[in-house]
Amino acid sequence: MTTKLFGEPIKRLEDARLLRGQGAYLDDLGNDALACAFVRSPHAHAEIEDIDVTDALDVDGLVAIYTYEDLPDRLAEPLPLLIPHPALTHGRTQYALARDVVRHVGEPVVMVVARDRYLAEDAAGRIVVTYRPLPPVVGIDAARAARHLVHDDVPGNRAANLVQSVGDVDAALGRAPHVLELDLAVERSASTPLEGRGVLARWDPESRRLRMWSSTQTSTGVRAAVAAKLGLALVDVDVITPDVGGGFGVKIVHPWPEEVLVPWAARLLGQPVKFVEDRREHFVAAAHERAQQHHVRFGFDDDGRLLGLDVRFWHDHGAYIPYGLIVPIITSTQLLGPYKPGAYRVEFDSLYTNTLIVTPYRGAGRPQGVFVMERVMDAIARELGLDRTVVRERNFILPEEMPYEQGMIFQDGRPLTYDSGDFPASLAKLKELVGWDGFEAYRDAARAEGRRVGIGLACYVEGTGVGPYEGPHVVVETSGKVKVATGLTTQGQGHQTAFAQIVADELGVPIGDVEVVTGDTRRFGYAVGTFASRAAVMSGSAIALAARAARAKALRVAADALEANPDDLEIVDGVVRVQGSPGAQIALGTVAVLSNPLRYAFDASAQAATQFVVGDISKPPVDEDDEPGVEGRDYYSPPQSTFANGMHAVIVETDPDTAEITILRYCVVHDCGKLINPRIVEGQIHGGVAQGVGGALYERMAYDEAGQLQNASFMDFLMPYVTEVPRTIEIDHLETPSPLNPLGIKGAGEAGVIPSAAVFASAIEDAEGFPITSMPISPSELFELRRLHEGERR
């Protein structure tokens, strides 16, 4: 009997292959390919006066050197601005190779192709580029001051200004019994996946087709961008995403300069060409995120209920803005969390600086927004002397108010409407899980031992499953095996398992008979990509729909063969049978054979579908409204995003002498609707919490005033080790199904990281007794804050 798999914590199917070293990542491919290296700008802002390649020409094994002047046609135009927006009035993107001016350290200036990477690097090292340095703009303060400009034609370094509001904020603040203001900041960080970016390209001159492999989060997006830049028909470009060693958002950008230059060079040279970035390149030439400054005014009543919230913030998007305003729009809308803010106004400027570009990184603007709102909640509690959970409870949206319209426009261009959730129930679970009500006794006992401990909590809502669509192709083979192809890519999320669980349940087959392929445009050409916690919602829903279509076809064909009503049939363990008549059955593989009328028999099983065996000659072999095969192809396109939510609590200890911060307990309550695989969801949460610990306590991009990144290596960029990440992350789930998709699911991929800055700020503030207004926070910074506050008390 087929066991129901949806909701079961089965082990990941892909792990055995990966753990045995049988994965195939980008750099495992193309061993016969030419290699390329890049001469990158050492300056944050400078004019290019001259490029001298003379000495490089003597390198044995050199194949080609390209500068901007060599780029033809569309390749010489700026790279695309992927997501335009009416408020983005001064959008600027980079050239594939710098033209006249460089605007951040690491910007590519010269491309070198050689027999191998060592020779390419040798040749690149001999190229002399003469620069005239220009004044750099580093950091939000410098961008706002605008004494210098990143782009001469962008006044005030401002790419965009966007305002959204609901209600009369000024009137609400004017009548509020209590009004407070906060200045808050989150510093720049980066995702730093284990595997950096990479691309391999082969040009077939006979078929005039391009085949590419890219370590990307959107193979179809890369395909479309490359086809457009190189003037190729979409059908003449194949993009395959091999195993990917992490993405976390940085690989959703497309095309990177290298993704258009490598296939262009491969076509030009008639040989395969490969690029794999090294770690320093990833630090200075990929993408960062997080840096924002916020000024917040908020009014509330004597019970702690918000009456008005006015947020003004500034977002540092780096030297260019290829991904548009997605990050600050998410910040401005997801800042609201599970709360009713009364009147709300938010305004942001998105600013150019002479630093690396900013694109979504796991959480994508939400950690900043949650940090702001949760600081507001804690400030209200402190001002009124209320328990922090009580203030949150009094501001929650209630389950009977769902769907709840916040009156804003979300990142997908659609209204910010929460579809589901029970925030009071989640908070009750969290309080019980962490022992909130008993913490004061624990604190007293710790204080008696000379220890300093604190507890914090943070709540968030996450828009997941953004459109526009995803789809799959589900095929039942004549062997009874099921092949599933979907266009989005995989970077370790467990798609081969979760999607197989869906198909196995829908088609009634053993999970071992289901094979899932992702990110290969040869197998499925229409997709959007893997980002924004959308894969399970989008592709999972579409796969369920396609599997149901295949199931309906299988039952129809089997009904003819068994002379039964399709409604009386079931599929169990890959066998279609009449319910209540165990002897009346037919293998699903045989059904696939019968579904495809044949003229030729290639094996014994195919004989059953040839013209002298199939008996009914009263109708065409394939009905007018039918097609051969047991297959399903469908698309899921949601009316809006679906909103997951969660709440985290942490207990920390701060050393009274060194200010070192130790995590004692970390608890999570999460609601992503119905769980396909709880084991995978909890793995996602664990990974997100680890990244959140890094973002809250360790990781930051340290630029000096000249725009030089001071910690562009793993020797200098501080990350948490296993010794810093909680050994046990205590997790509980609440399942409020989404009404927006056929599976009732919501996304989970970013849940662990979103509230991290907020929850640690809350706990450290609770331990220390003074406000925490900037994250991340290091022991040295906490030590300095102690000194300042002790001086103020004197």
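This section describes helix contacts, nonpolar cores, loop residues and backbone geometry in a predicted model.

Two helix pairs were examined. In one of them, helix α8 (residues 326-334) and helix α9 (residues 366-384) have axes that come within 8 Å and cross at roughly 30 degrees. Angles under 35 degrees count as roughly parallel, and α8 is therefore roughly parallel to α9. The crossing of these helices, α8 and α9, is right-handed. On the α8 side the contact involves V327, I330, T331 and Q334, which meet R366, Q368 and G369 of α9. By class, the residues of the contact of α8 with α9 comprise 2 nonpolar, 4 polar and 1 charged.

The other pair consists of helix α16 (residues 678-697) and helix α17 (residues 756-768), whose axes come within 8 Å and cross at roughly 60 degrees. The helices α16 and α17 are therefore oblique to each other. Their crossing, that of α16 and α17, is right-handed. From α16, the residues G692, V693, A696 and L697 take part in the contact, and from α17 the residues S756, A757, F760 and I764. The contact of α16 with α17 contains 6 nonpolar and 2 polar residues, with no charged residues.

The largest nonpolar core of the model has 113 residues, and those with the most contacts inside it are F298, L309, Y418 and F760. Helix α9 supplies the largest share of this core, 9 residues. A second, separate core has 44 residues, with I502, A504, V516 and A592 among them. For Y418, contacts beyond the neighbours within four places in sequence include L336, G337, I397, M402 and P403.

Between β15 (343-352) and α9, the loop contains T353. With a relative accessibility of 0%, T353 counts as buried. When residues up to four places away in sequence are not counted, T353 touches R103, V137, G139, A143, V150, R188, D316, G318 and A319. The loop between β15 and α9 also holds A364. Although A364 is not a glycine, its phi is positive, at about 50 degrees. A364 counts as buried, at 7% relative accessibility.

A positive phi, near 50 degrees, is likewise found in E563, a residue other than glycine. This residue, E563, is located in the loop between α14 (535-562) and β22 (569-572). E563 is exposed, with a relative accessible area of 76%.

Proline residues were examined in three further loops. P255 is placed in the loop between β11 (237-240) and α6 (257-269). Its relative accessible area is 5%, and P255 is buried. Along the sequence P255 and P80 are 175 residues apart, whereas their C-alpha atoms are 8.0 Å apart in space. Apart from neighbours within four places in sequence, the contacts of P255 are with L79, P80, A225 and V260.

The remaining prolines take part in cis peptide bonds. P468 belongs to the loop between β18 (453-464) and β19 (472-476). Another cis peptide bond joins M775 and P776, again with omega of about 5 degrees. The loop between β29 (774-775) and α18 (779-793) is the place of P776.

Terms used
Residues are numbered from 1 along each chain as its sequence is written. This is a predicted model: local features need pLDDT of at least 70, side-chain atom pairs count only at pLDDT 80 or more; totals for chains, interfaces and linings use all residues. Side-chain values use heavy atoms; hydrogens and water are left out. Axes are lines fitted to C-alpha atoms, for helices over the stretch in contact, and angles run from 0 to 180 degrees between N-to-C directions. Helices (H or I, at least four residues) and strands (E, at least two) are DSSP runs, numbered from the N terminus. Angles under 35 degrees count as roughly parallel, over 145 as roughly antiparallel, 65 to 115 as roughly perpendicular and the rest as oblique. A crossing is left-handed if the near helix is turned anticlockwise from the far one by less than a right angle, and right-handed if clockwise. Contact means heavy atoms within 4.5 Å. Ala, Val, Leu, Ile, Met, Phe, Trp, Tyr, Cys and Pro count as nonpolar, Asp, Glu, Lys and Arg as charged, and the others, Gly among them, as polar. A nonpolar core is a set of buried Ala, Val, Leu, Ile, Met, Phe, Trp, Tyr and Cys residues joined through side-chain atoms within 4.5 Å. Buried means under 20% relative accessible area, exposed over 50%, partly exposed in between (1.4 Å probe, protein chains only).
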